[in-house]
Protein chains: 2
Amino acid sequence: MTVPDSSQQPFRFPVAARYAGMESSPLKDIFALAAREDVVSFAGGIPDPALFALEDVTSCYDWVLSHQGHRALQYGVSEGERELREQAARRLSRDLPTEASQIRVTSGSQEGLFVIAQALLEPGDVVLVESPTYLAAVQAFSVHGARIIGVDTDDDGVIAEALEEAIRTHHPRMVYLIPTFQNPTGRTMPVARREAVAEVLRRTDVPLVEDDPYGALSFSGTTWAPIASLPGMGERTILLNSMSKLMSPGVRIGWMRAEGPVLDTLAVAKAAISMQSSVVDQLTVARYLETADLDAHVARVSAVYRERRDAMASAIAPVLPEGAHVTRPEGGMFLWAALGEGYDAQAMLADAVEAGVAYLPGWSFFADHADRSTMRLSFVTHSPAVIEEAIARLGEVIARHRAA
Amino acid sequence: MTVPDSSQQPFRFPVAARYAGMESSPLKDIFALAAREDVVSFAGGIPDPALFALEDVTSCYDWVLSHQGHRALQYGVSEGERELREQAARRLSRDLPTEASQIRVTSGSQEGLFVIAQALLEPGDVVLVESPTYLAAVQAFSVHGARIIGVDTDDDGVIAEALEEAIRTHHPRMVYLIPTFQNPTGRTMPVARREAVAEVLRRTDVPLVEDDPYGALSFSGTTWAPIASLPGMGERTILLNSMSKLMSPGVRIGWMRAEGPVLDTLAVAKAAISMQSSVVDQLTVARYLETADLDAHVARVSAVYRERRDAMASAIAPVLPEGAHVTRPEGGMFLWAALGEGYDAQAMLADAVEAGVAYLPGWSFFADHADRSTMRLSFVTHSPAVIEEAIARLGEVIARHRAA
């Protein structure tokens, strides 16, 4: 690097190995395709902006700027603003007694996952994840040099016996799970499965990172208490929540709940990464949680999402090939289809886009042993009519690939 | 880790070595002390909230939420919102031709520094910095396993010959500099020094990370073009700007300028860390830069800061011991005093706080070979009268330590 450069070669920044070859990604190309005006995209987990509580959110920004303006524009603290931590603790305490001091605010769940990776992971550490799981979590762990290993799942989520065997074999630093309305499958772990998994984690003394961005978006009204609320699990779990799916993804506010000394490490890591989250946004979200009826808003949004889930589930069932498997999520944003032997959802995507419909090929959600016949379809962005029409076109593409 | 835990020991999260022992920090303790109601604190670089353009900022939030509300609450892109990148490019282009495509938005400069570290640094890499330099930058580099080595400075900033020698000796991955109104010293590199440093960097082919959060806060009206604008330097420099010191630290918006393929890596790293910055805040800052007269605002703020710099410089000169050295910054927020042989600013701090005045001991700004007689004093937060009175009290403390 210190060799004199007398040539006229353009200078090239040396890039760390963790990002080598990641200048572009197939997923970025897919999202670019899916953004075409003539394509109905089920690829992203994009809330329908028509459902945002824009008036309520706007009046919270107004209130904060007119009542707490100087404070909102000033530096805050890495842990997060007191009012927001109190509101977060209040919501969490429905299932799991939580003090404001146990909350760490982050700029969305993604930053939360990255903060956890910074605070906990050493190069070479193993992280066990559901197979399939949320790909951006995998990336946050991978750039820390972690080895990500997928654990088998069934319709009730991760299989406790498979998890225990993987723990015995791989000695993981932590387990990452999305127990409720999982991304990408939409599946939910029933209580008995949560208890079985908690029992394994307690016995093997492996920490849990529990990601819960979708849990409130329930179509039946039933909600699930987090695994962190089971006996002995609070102290060994970092639980993540996000306002992105409930209020607004653009505001980028989430939080983590933990217990004990790891809270200090999480705050130090957060400070190193971004000092603190936007104080304006934090105070606004706190005001929103204090004054707006988030439960009523989420119930309205969930009712609309349920209709769309119904529309997609009804439309897709008849167009799937024999032997295919599709989930019927009780909440959240995603439906997951495995077309089965002989199908390659990635290879089929170009034809689907040509037919005006896009999805996310499922391979990208597997840490290993990808099932390439899978696809993730978000049902939340479009109306039932648009969904039905687009899924019918997807059906024609599937049929053509069946013949092939 | 997989040994069954049959004991009743409380569970303890394993923490990565990069944060081991960092649960608390002496600096955190200092800021806690400095926050005492009966203490006039010069410790933090905290803008005076009375100088915030609160009305302008509020009307920009209003405008964004009423004209771009659905977009502001929706997901954005990792690179940053187009309008903000255009405004950033427009400002930068005064000194350095810049396209919006060369801008990457970050949640403040701290996230920018962390993104750069993620994108470029391997464990064991050397980063050369000014001695002394901004301590939070050192932390962002250190948690990536980098070795931080300080290069000698004089009143004109980093010494070009010392930089070249350090490059030959240590083969650094990059050089980090704050050329204008530096933190912590307040010093500015004159044009000739910038040219000499650029010449060294071009010849040795070492990339530059140029941090410029204070450059616009000039007391004389003179501004300095960044080193990135010198011949051949644009392609080998990542230049950071922040709105924290010009508009509001609470809004947490900054940006980086770079050229070529590293821009893609910076976007991928930003996405892994936090997906994207708050879209509401980004669009609001863009609106502010488009419609408010930032230059006039900064001129007003700088005029006030200049009075305070004058007050502090006049008050401190007579109370410093013989042989002490103090800077007289032409802009920015900080004044730097080296008391000289026999003084320990850290040891003296408790007495100063007892006397109702706080500063930041300078040792924390040195990557190595700390001068423990140094202190950083921010002159921006308090009025001249408060400054004069508090510095007089500091003088009594210094005098007592002189006698000791």
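Predicted model: local features only at pLDDT ≥ 70, side-chain atom pairs only at ≥ 80, totals over all residues.

1. Putting chain A and chain B together buries about 7,900 Å², and carbon and sulfur atoms supply 60% of that area; buried area here is the accessible area (1.4 Å probe) that two parts lose on being put together, summed over both. On the side of chain A, the residues that lose the most area to chain B are A:F11, A:F13 and A:L73, which together account for 10% of what that side buries. The size of an interface is often given as the accessible area lost when the parts come together.

2. Residues are numbered from 1 along each chain as its sequence is written, chains are lettered from A and ligands numbered from 1 in the order in which they are written, and side-chain values use heavy atoms, with hydrogens and water left out.

3. The contact between the chains (heavy atoms within 4.5 Å) takes 91 residues from chain A and 92 residues from chain B. Between chain A and chain B there are 32 residue pairs in polar contact, with both residues at pLDDT 80 or more; a polar contact is a pair of N or O atoms within 3.5 Å, where within protein one must be able to donate a hydrogen and the other to accept it, and residues adjacent in sequence count only if both atoms are side-chain atoms. Helix α9 (residues 262-274) of chain A gives the most to the side of chain A that touches chain B, namely nine residues, where helices (H or I, at least four residues) and strands (E, at least two) are DSSP runs numbered from the N terminus. By class, that side of chain A has 50 nonpolar, 22 polar and 19 charged residues, with Ala, Val, Leu, Ile, Met, Phe, Trp, Tyr, Cys and Pro counted as nonpolar, Asp, Glu, Lys and Arg as charged, and the others, Gly among them, as polar.

4. Within chain A, an automatic or database domain assignment sets the bounds, giving domain 1 (22-52 + 296-403) and domain 2 (54-291). Their C-alpha centres lie 25 Å apart, and 29 residues of domain 1 of chain A are in contact with 32 residues of domain 2 of chain A. The area buried between these two domains is about 2,500 Å², of which 65% comes from carbon and sulfur atoms; in domain 1 of chain A, the residues A:F52, A:E330 and A:F365 lose the most area to domain 2 of chain A, together 22% of what that side buries.

5. Across the interface of domain 1 and domain 2 of chain A, ten residue pairs are in polar contact, both at pLDDT 80 or more. Helix α11 (294-316) and strand β12 (334-338) of chain A are the elements that give two or more residues to the domain 1 side, and α11(A) gives the most, with seven residues. That side has 16 nonpolar, eight polar and five charged residues.

6. How many salt bridges occur over all chains? The count is 46, a salt bridge being a side-chain nitrogen of Lys or Arg within 4 Å of a carboxyl oxygen of Asp or Glu, yet there are zero between chain A and chain B and zero between domain 1 and domain 2 of chain A. A:E330 forms a salt bridge with A:R309, with the closest N and O atoms 3.9 Å apart.

7. Two backbone features deserve a check. The peptide bond from A:N183 to A:P184 is cis, with omega near 15°, and A:P184 is found in the loop between β7 (174-177) and α8 (191-204) of chain A. Phi of A:H171 is near 45°, a positive value in a residue other than glycine.
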